[in-house]
Amino acid sequence: MLICTVLFALTLTKVCLAAAGPNIPTQELDPQFWNRMAKSQINARLKMSHNYNTAKNVIFFIGDGLGPTTVTAARILKGQLAGQPGEETVLAFERFPNVALSKTYNVDRQTPDSAGTASAMLSGVKTNYYLIGLNARASRADCEGSKGKEMDTILDWAVRAGKRTGIVTTARITHATPAAAYAHAADRYWEGDVNTKGITSCRDIAQQLVDDNADINVLFGGGRRHFLPNTTADPETNTIDKNHRQDGRNLIEDWTKYQTSRGRRSAYVWNLDQFNAVNPTDTDYMLGLFEPNHMQYELERNTSREPSIAMMTQKAIEVLRKGDNGYFLLVEGARIDHAHHDSLAKKALHETISFEAAISQAVAMTNQEDTLIVVTGDHSHAFDIQGYSYRGLDILGLADPLEEDEPTLDQKPYTILQYGNGPGYETPRKNLTGVDTHGNNYIFPSGVPVEWETHGGEDVAIYAQGPMAHLFYGVQEQNYIAHVMAYSACIGPYTTSCDHGQPIECTSGCEHVSLHIYAFIALLFVSLV
């Protein structure tokens, strides 16, 4: 290997590359390295026992758009940022002992959106595209038709069980994923009253948050614009944009008055100094709205003005863990998705690494014996790692120009990362020779021209550790996630199902399964006759 490395460095000979590649760790050339690793993993699994405890706390991490390719590419980038080849890197949540696959489709869509997926994961019931907290009998944008189709969520179940609750997101706090925890809307974009003009009998999501859900202990994210009236300038930008409220209400003041009227120890903050000044020991309710719109990408975050997702997660846990009955916390890494839609792969991967840091923070602050941590994506993206590049090649760069296994027919190089569709489509295909693909706003190429890159329909992974985490196995429907979390904590529909060593009784919630089986048998019998 040493001779090969020297030859490569001095002569760039393909002979050397073909023999081993330029960035292979020496130990990986030894067959026993791989044998020892596999045996170690087998032994670790053999020693592992299931945790049948009741989860006092549940922390649910949703990486918006965290598909399998994003995980792999972020893993490689993290390793490369540390000076390693990258492929051998392991992200914190990839060390969790239990992994399953989640089928992400909506009831009415093969490839889903975040509203339907978040509603499924938080309520335990799959639903339609664009719906927030409503079952699949509701229709998009049908206000009157949505009445009576509302679904409770694990956040509701946690509140009823006397647990503290919190939501952390890098999107607007009224955006699809966080909204699915507390709101009911026939359109995910009914975030403020400017979005519900002419719809008099359905309240906007921001209003629902303050009027119906002010008992949530921690709310961190962006989205001030839907809480401030059009008579009040934003404190950071000193402007009033078209998305400010039209009804005259200042929902931030209303939230503050609600907490004060009940004698609660509460705090509203909108910047990092205020955030850091809050003592979680003396605070039981905290609202933080750090941007008028979404929070900044991690690569662009003003580190003196805005907290990171890891900082928000830490503060949320510090506030929530004081409760005797435990807590439920939802943390969304939202901007992975936003970057992918713009085909900004570098930003998407850095958002994923930032998201992983928040997970590491939560793991460090909790105990597996009483805290279930679940990490998943709500959906994937049309995003690929392609070509046959040598080990350790810059994941944000071009496929190896020396590669001859599958040369391009137009003799032009291409990026290792590419989108199936998106704004990066060009015809004829651009010659990327000499192009710097490492800019924060470099738009990676795509195969089909669309204004915004779309979601992907493939399964995504679920990673879990803690009480009852072993119930995450195999390939599951996405709504299954809420059921395992609730069962682990003995809340909601599983309040009386706390004997975790015994099967759940199939009572009123299970007849439909039996009916489906009987219907299938009857149909089969008729077809045979």
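Predicted model: local features only at pLDDT ≥ 70, side-chain atom pairs only at ≥ 80, totals over all residues.
The unreviewed UniProt entry places the feature "binding site" at D64, H175, T177 and E332. These residues span 269 residues in sequence, yet no two of their C-alpha atoms are more than 11.3 Å apart, so they gather at one spot. T177 belongs to helix α7, residues 176–179, and its relative accessibility of 1% counts as buried. Leaving aside neighbours within four places in sequence, the contacts of T177 include I62, D64, S114, L330, E332 and D378. Two of the annotated positions, T177 and D64, are joined through their side chains by a polar contact of 3.4 Å.

E332 lies in strand β7, which covers residues 327–333. Like T177, this residue has a relative accessibility of 1% and counts as buried. Not counting residues up to four places away in sequence, E332 touches a set of residues that includes I62, D64, T177, I309 and F355.

F33 is buried at 18% relative accessibility, whereas W34 is partly exposed at 42%. F355 itself pairs with F61: the ring centres are 5.9 Å apart and the planes stand at 75°, so this pair is also edge-to-face. F61 sits in strand β1 (residues 57–63) and F355 in helix α13 (residues 345–365), so that the pair links distant parts of the chain, 294 residues apart. Both F61 and F355 are buried, each at 0% relative accessibility.

Y129, Y130 and Y189 form one aromatic cluster. K126 lies over the face of Y105, at 3.4 Å from the ring centre, and K315 is placed over the face of F275, at 5.0 Å from the ring centre.

The charged side chains form another set of links. Side chains of opposite charge can pair when their charged atoms come close. Throughout the structure, the search finds 25 salt bridges. One of them joins R391 and E28, with N to O at 2.7 Å. R391 lies in the loop between β10 (383–385) and β11 (417–419) and E28 in the loop between α2 (14–19) and α3 (31–47), so the bridge ties together parts that are 363 residues apart in sequence. E28 is buried, with a relative accessible area of 12%.

R391 also meets E87 in a salt bridge of 2.9 Å, N to O. E87 lies in the loop between α4 (68–81) and β2 (98–103), so its pairing with R391 ties together parts that are 304 residues apart in sequence. At 30% relative accessibility, E87 counts as partly exposed. Together with E88, the residues E28, E87 and R391 are linked in a network of salt bridges.

A further salt bridge is formed by K103 and E477, whose closest N and O atoms are 3.4 Å apart. K103 is in strand β2 and E477 in strand β14 (residues 475–477), and the pair links distant parts of the chain, 374 residues apart. K103 is partly exposed at a relative accessible area of 29%, and E477 is partly exposed at 26%.

Notes. Residues numbered from 1 in each chain as written. Heavy atoms only, no water. Buried < 20%, exposed > 50% of the residue type's maximum accessible area, 1.4 Å probe, protein only. Phe/Tyr/Trp six-rings, centres within 6.5 Å; stacked < 30°, edge-to-face > 60°. Helix = DSSP H or I, 4+ residues; strand = E, 2+ residues; numbered from the N terminus. Lys NZ or Arg CZ within 6 Å of the ring centre and 35° of its normal. Salt bridge = Lys/Arg side-chain N within 4 Å of Asp/Glu carboxyl O. UniProt positions renumbered as here; feature names shortened; annotations may be inferred. Contact = heavy atoms within 4.5 Å. Polar contact = N/O pair within 3.5 Å; in protein donor to acceptor, adjacent residues only side chain to side chain.
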